[in-house]
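Here are my notes for someone opening this structure for the first time. Have a look at the whole chain, then work through the points with me.

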Amino acid sequence: MSDTTNVLQPEHPILPQLAQRRSPRAYTSQPVSAEVLQQLFTAAGSAASCFGEQPWRFVVGSQESSPEAFQKILGTLAEFNQSWAKNASAIALALAKTTFSHDSNPNAWAKHDVGQAVATLAIQGVELGVQIHQMAGFSQEAARAAFEVPADYELVSVFTIGYPGEVEALPEALQQRELAPRSRKPLGEIMFEGGWPSVQGERYDQAQK
Ligand SMILES: Cc1cc2nc3c(=O)[nH]c(=O)nc-3n(C[C@H](O)[C@H](O)[C@H](O)COP(=O)(O)O)c2cc1C
């Protein structure tokens with residue numbers, strides 16, 4: 001079932017899955033099945049990557065099928081993130097292989113490509129009724145130690161995976177954040193057709209005449 005809570009109202013028409021993707025902090029207790037997890041991470045692996053390196057790696061913990069890993073990843077999160085992430089069905093640690101396999105040189109695009117993979121997974125999730133919530137609020141050192149991550153892999157982010165739940169189930173402060181209007185920078189601030197905007201007219205659509 002598609003998530004109709006706090007759908008983004010974009011400036012121009014976009015795919016409905018993109019508008020419905022959001023980062024919830026309320027999740028239902030419905031487990032995300034092994035099959036759905038496989039679909040999500042297959043979607044992640046479909047992303048483009050520099051030299052086709054596919055530098056993304058994911059350590060996944062499911063409350064149902066791998067509760068120890070779930071708790072280990074949860075334990076690396078900042079306290080605030082733990083408070084709501086503990087209710088998700090699954091949690092994943094996203095890592096980047098920082099060197100190219102073909103010549104062992106540093107891959108400056110590794111984290112870029114991991115981001116693409118996670119974004120792709122998020123959209124596949126919306127199609128399947130699942131929402132993820134990415135987090136930077138975790139300890140990279142704790143995650144590295146917990147899973148004995150090799151030195152040439154960087155810890156990028158952690159994200160929860162689950163079916164979005166009732167906003168009312170959250171503490172008051174989180175309810176407000178869950179329903180706060182979702183705004184995006186206007187196109188004129190992020191898209192500069194024809195060149196970088198001049199100092200006088202930072203935004204071409206607001207340039208001084
Ligand atoms: C890399 C990254 C790190 C984030 N870190 C956190 C975090 O630590 N805790 C949190 O509650 N949300 C975190 N978020 C969620 C953002 O706050 C959220 O994506 C943003 O407010 C836009 O909301 P939306 O995803 O619902 O459109 C993070 C998102 C990204 C992409």
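1. Start with Asp3, which pairs with Arg22 in a salt bridge whose closest N and O atoms are 2.6 Å apart. (A salt bridge here is a side-chain nitrogen of Lys or Arg within 4 Å of a carboxyl oxygen of Asp or Glu.) Because Asp3 sits in the segment before H1 and Arg22 in the loop between H1 and H2, the pair ties together parts that are 19 residues apart in sequence. Helices (H or I, at least four residues) and strands (E, at least two) are DSSP runs, numbered from the N terminus.

2. Are those two partners buried or exposed? Asp3 counts as buried, at 9% relative accessibility, and Arg22 counts as buried too, at 3%. The cut-offs are under 20% relative accessible area for buried, over 50% for exposed, and partly exposed in between (1.4 Å probe, protein chains only).

3. A word on what you are looking at. This is a predicted model, where local features need pLDDT of at least 70 and side-chain atom pairs count only at pLDDT 80 or more, while totals for chains, interfaces and linings use all residues. Residues are numbered from 1 along each chain as its sequence is written, and side-chain values use heavy atoms, with hydrogens and water left out.

4. Now the overall picture. The protein has eight helices and four strands, and from the N terminus on they run α-α-β-α-α-β-α-β-α-β-α-α. Along the principal axes, the C-alpha atoms fill a box of roughly 60 × 50 × 30 Å. Of the 209 residues in the protein, 41% are buried.

5. Back to the charged pairs. How many salt bridges does a search of the whole structure find? There are four. One of them joins the side chains of Glu53 and Lys97, at 3.8 Å from N to O. This pair links distant parts of the chain, with Glu53 in the loop between H2 and S1 and Lys97 in strand S2, 44 residues apart. Both Glu53 and Lys97 are buried.

6. Compare that with Glu154 and Lys111, whose side chains meet in a salt bridge of 2.9 Å, N to O. Glu154 is in strand S4 and Lys111 in helix H5, so to speak distant parts of the chain, 43 residues apart. Glu154 is partly exposed, with a relative accessible area of 26%, and Lys111 also counts as partly exposed, at 43%. Elsewhere, salt bridges that share partners join Asp3, Arg22 and Glu178 into one network.

7. Next, the ligand. It is surrounded by 14 residues, the closest being Ser23, Arg25, His133, Arg182 and Arg184; a residue counts as near if one of its heavy atoms lies within 4 Å. By class, this shell has four nonpolar, five polar and five charged residues. (Ala, Val, Leu, Ile, Met, Phe, Trp, Tyr, Cys and Pro count as nonpolar, Asp, Glu, Lys and Arg as charged, and the others, Gly among them, as polar.)

8. Zoom in on some atoms there. Ser23 places a polar side-chain atom 2.5 Å from an oxygen atom of the ligand. In the side chain of Asn81, an N or O atom is 2.9 Å from a nitrogen atom of the ligand. Arg184 has a polar side-chain atom 2.6 Å from a ligand oxygen. Taken alone, the ligand exposes 620 Å², and the protein buries 60% of that. Helix H4 (79–85) and strand S3 (131–135) are the elements that give two or more residues to the shell.

9. Two backbone spots deserve a look. Most residues other than glycine have a negative phi. Phe51, however, has a positive phi, near 60 degrees, and is found in the loop between helix H2 (34–44) and strand S1 (56–62). Ser104 has a positive phi as well, near 65 degrees, and lies in the loop between strand S2 (90–97) and helix H5 (110–127). Phe51 counts as exposed at 64% relative accessibility, and Ser104 is exposed at 54%.

10. Last, Pro171. Its place is in the loop between strand S4 (153–162) and helix H7 (172–179), and Pro171 is exposed, with a relative accessible area of 52%. Pro171 and Trp84 are 87 residues apart in sequence, yet 9.5 Å apart in space, C-alpha to C-alpha.

Note on methods:
Polar contact = N/O pair within 3.5 Å; in protein donor to acceptor, adjacent residues only side chain to side chain. Areas by Shrake-Rupley, 256 points an atom, 1.4 Å probe, with all protein chains shown as cover.
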